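Trainee: Before I use the terms for this entry, I would like to see what each of them rests on. Can we go through them one at a time?

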2 protein chains.
Amino acid sequence: MSSIKEVARVAGVSVGTVSNVLNRPDMVAPETRDRVLAAIAQLGYVRNGSARQLRAGRSRTIAVVALDLANPFFIDVLSGVEAAAQRDKLTVMVFNSSKDADREARLLEMLEEQRPLGVLITPVNDRGQRERLDRLVSRGIPVVLFDNSSRLSHGCAVAVDDVLGGRLAGLHLRERGHRRIAFAGGPFTVRQVEDRRDGLAGVLTADETLTVIPLPDLNVATGRTAGQKIAEMPPATRPTAVFCGNDLVALGVLQELTQRGLRVPDDVAILGYDDIDFAAAAAVPLSSIRQPREQLGHTATVMMLEEANQGSRHQHRHVIFQPELVERTSTAAMRTEPKAAEAAT
Amino acid sequence: MSSIKEVARVAGVSVGTVSNVLNRPDMVAPETRDRVLAAIAQLGYVRNGSARQLRAGRSRTIAVVALDLANPFFIDVLSGVEAAAQRDKLTVMVFNSSKDADREARLLEMLEEQRPLGVLITPVNDRGQRERLDRLVSRGIPVVLFDNSSRLSHGCAVAVDDVLGGRLAGLHLRERGHRRIAFAGGPFTVRQVEDRRDGLAGVLTADETLTVIPLPDLNVATGRTAGQKIAEMPPATRPTAVFCGNDLVALGVLQELTQRGLRVPDDVAILGYDDIDFAAAAAVPLSSIRQPREQLGHTATVMMLEEANQGSRHQHRHVIFQPELVERTSTAAMRTEPKAAEAAT
DNA sequence: CCCGCATTATGAAACGATTCAATCCGCCCG
DNA sequence: CGGGCGGATTGAATCGTTTCATAATGCGGG
């Protein structure tokens, strides 16, 4: 209700002085400052953010556009972002694109008008909002992608080497003696998923079989359908190990297999991706390919702030993290022969 | 970079006309409009949100301050909010207080400056930011609490009757023949948790025992410690059923019990709260007390918008939803005698 | 005793959009 | 032929800050 003008009037000073009290308190005389502060308290004055930002041209909030907040992976990334933002007293605001390209488009449009300090985003798909993102950048709003975006020519990005992740998965499962391996995941238009599968496929030799179980999405529900398909395969040809597109899928597969009487890892081993907290906490603790989730968010934020400060002198960078295997029970050494699968449901 | 003035110059019209093209397109002559639109396209002009909001005084975004984004419950509530917001083309921005009162305070401070259209919040604790919330309201920003806030005298709120939820839980477990029941949850400074426990305690009779396992927080990890405690109790006095403060705890309990060789529900039944998707998808599908999550968010948003439109003529309301029992396997009828618990660990 | 400097305070000019009273213009009708 | 009407357009005022050149004040030194 009350503006800086009111405060000035009540304190008997000019608006400039009030502004100084707010922004450079030590360039105003102590007693004047006290008078102004008293007026502020008396009126319950609060700065108007819009006016402030209009004048300043830049905001103090950074926007995160998450692909799917229902996936704990993004929540962890978010912690990293918040940690980095806290240092500079920046506010983090989160938007959820829910894997919906239209929604994403609307959000970006809004952000273009709002002009946050920077944007961190996992785009719904590769080409999608390419030009809209470019427009943000050309307006001086740094954009950092959480994305394996080596194919994108410009802009900063942080990512995890998903091909390597897939490879680690494959090597681990082979080493455990598995020869029939399944990959459960999709859609393959999502780069990460494609890469994980390709990494896995790349390390398999001729005498090993790879069964791909395509899924329309990566969540617990689709994981269960994958589990169902696996359980229904004849034991003689059933894969002895499943590498899942992410941990949600792995959880679904685990739950379905368990319910149908198949033992994990004895009958079927399961390997997830992301290493979310639920993975370690599952009924059978899940082995998983860990992504440095908080660090991903942290690094992206730092890069973004760098770009925001350096302005045009900024050099874009791509930081690629290495994933690592976390071994738990779900891929432990088998107690029975790999081939001797038991009857199920 | 380019403002409305540039556009006006390029199109050869006044700024007022450009503004009209943007806001009331049909009160400007078609050919003028086309000229303006062309200029806009040519310059890549985008409205400046801050200026817009400064002038308008009100924003088109609603702020949600979630208590804990890591709990899928809030993500579901969020969907409800987004659904309601979409109708009016409003943007939803999410903030995470992470159960941290300081963080919450900083967020509210920031929101006071930013002046969103409205605020939906689950406060960290009852008394906490009371006056800060009041200040928002007195500034004309409607605040709706997701909270059983019957004790709060003013402001709108939506909530679920947690005492009833606890009662439903108790009645169900008794009906299933359980006489030794545990409640796992905390902290009891959180109203919801307190109410759930009290509801449960209220329906138990003298010959039934209630063991409270206090937890510092409601998540999978604390759930596991609760599970551990239960597993280590002597079978003769061990509770035959656990009612958990929420589903995350229930998942933790389930996983720990399962790993220690106790069967669910035969040795110990488990009942959760919230009915998040993970509950139905657990290795042993969890019975749970369902809260209408999306509807909670939806209703809160509608109430908030109502208040935003009606202004001072608005009558605050408290909407209390009824929770309901969802029966699944984790509290199914026991195959063995309730007293005859098996050896564990 | 006066000048100049340091310290404070001032107020007008932005920032970019919206709004609204005023103006303009063409046309119809008396 | 002129008044009036209505649709289209204008441009100045406004929102609340921040900034910056300028002014005022006080004080010490030459």
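Mentor: What follows takes the terms in turn, for a model that is predicted.

Trainee: What makes A:Glu82 and B:Arg103 a salt bridge?

Mentor: The closest N and O atoms of A:Glu82 and B:Arg103 are 2.8 Å apart. The rule asks for a side-chain nitrogen of Lys or Arg within 4 Å of a carboxyl oxygen of Asp or Glu, so the pair qualifies. Between chain B and chain A the count is two salt bridges.

Trainee: Why is the pair A:Arg293 and A:Asp277 also called a salt bridge?

Mentor: The N to O distance for A:Arg293 and A:Asp277 is 3.7 Å. The limit is 4 Å, so this pair is a salt bridge too. Across the interface of domain 2 of chain A and domain 3 of chain A, two salt bridges are found.

Trainee: How many residue pairs are in polar contact across that domain interface?

Mentor: Between domain 2 of chain A and domain 3 of chain A there are four residue pairs in polar contact, both residues at pLDDT 80 or more.

Trainee: Where do the domains of chain A run?

Mentor: The assignment gives domain 1 as 4-45, domain 2 as 54-159 + 293-321, and domain 3 as 162-291 + 327-336. The C-alpha centres of domain 2 of chain A and domain 3 of chain A lie 31 Å apart.

Trainee: What is the extent of the contact between chain B and chain A?

Mentor: On the side of chain B, 46 residues are in contact with 46 residues of chain A. The two chains bury about 3900 Å² between them, and 54% of that is on carbon and sulfur atoms. In chain B, B:Val46, B:Glu113 and B:Phe278 lose the most area to chain A, together 15% of what that side buries.

Trainee: How many residue pairs are in polar contact between chain B and chain A?

Mentor: The count is 17 residue pairs, both members at pLDDT 80 or more. On the side of chain B that touches chain A, helix 6 of chain B gives the largest share, seven residues. By class, that side has 24 nonpolar, eleven polar and eleven charged residues.

Trainee: Turning to the DNA, what makes B:Arg52 a polar contact of DNA strand C?

Mentor: An N or O atom in the side chain of B:Arg52 is 2.7 Å from a phosphate oxygen of DNA strand C.

Trainee: Which part of A:Ser14 faces a phosphate oxygen of DNA strand C, backbone or side chain?

Mentor: The backbone: one of its N or O atoms lies 2.9 Å from a phosphate oxygen of DNA strand C.

Trainee: Which part of DNA strand D does B:Arg55 meet, base or phosphate?

Mentor: A base: a polar side-chain atom of B:Arg55 lies 2.9 Å from a base oxygen of DNA strand D. By contrast, B:Thr32 has a side-chain N or O atom 2.3 Å from a phosphate oxygen of DNA strand D. For A:Arg52, the distance from the side chain to a phosphate oxygen of DNA strand D is 2.8 Å.

Trainee: What share of the DNA atoms within 4 Å of the protein belongs to sugar or phosphate?

Mentor: For DNA strand C the share is 66%, and for DNA strand D it is 65%. In both cases the rest belong to bases.

Terms used: Residues are numbered from 1 along each chain as its sequence is written. Chains are lettered from A and ligands numbered from 1 in the order in which they are written. This is a predicted model: local features need pLDDT of at least 70, side-chain atom pairs count only at pLDDT 80 or more; totals for chains, interfaces and linings use all residues. Side-chain values use heavy atoms; hydrogens and water are left out. A residue is near a molecule or strand if one of its heavy atoms lies within 4 Å of it. A polar contact is a pair of N or O atoms within 3.5 Å; within protein, one must be able to donate a hydrogen and the other to accept it, and residues adjacent in sequence count only if both atoms are side-chain atoms. Contact means heavy atoms within 4.5 Å. Buried area is the accessible area (1.4 Å probe) that two parts lose on being put together, summed over both. Helices (H or I, at least four residues) and strands (E, at least two) are DSSP runs, numbered from the N terminus. Ala, Val, Leu, Ile, Met, Phe, Trp, Tyr, Cys and Pro count as nonpolar, Asp, Glu, Lys and Arg as charged, and the others, Gly among them, as polar. Domain bounds come from an automatic or database domain assignment.
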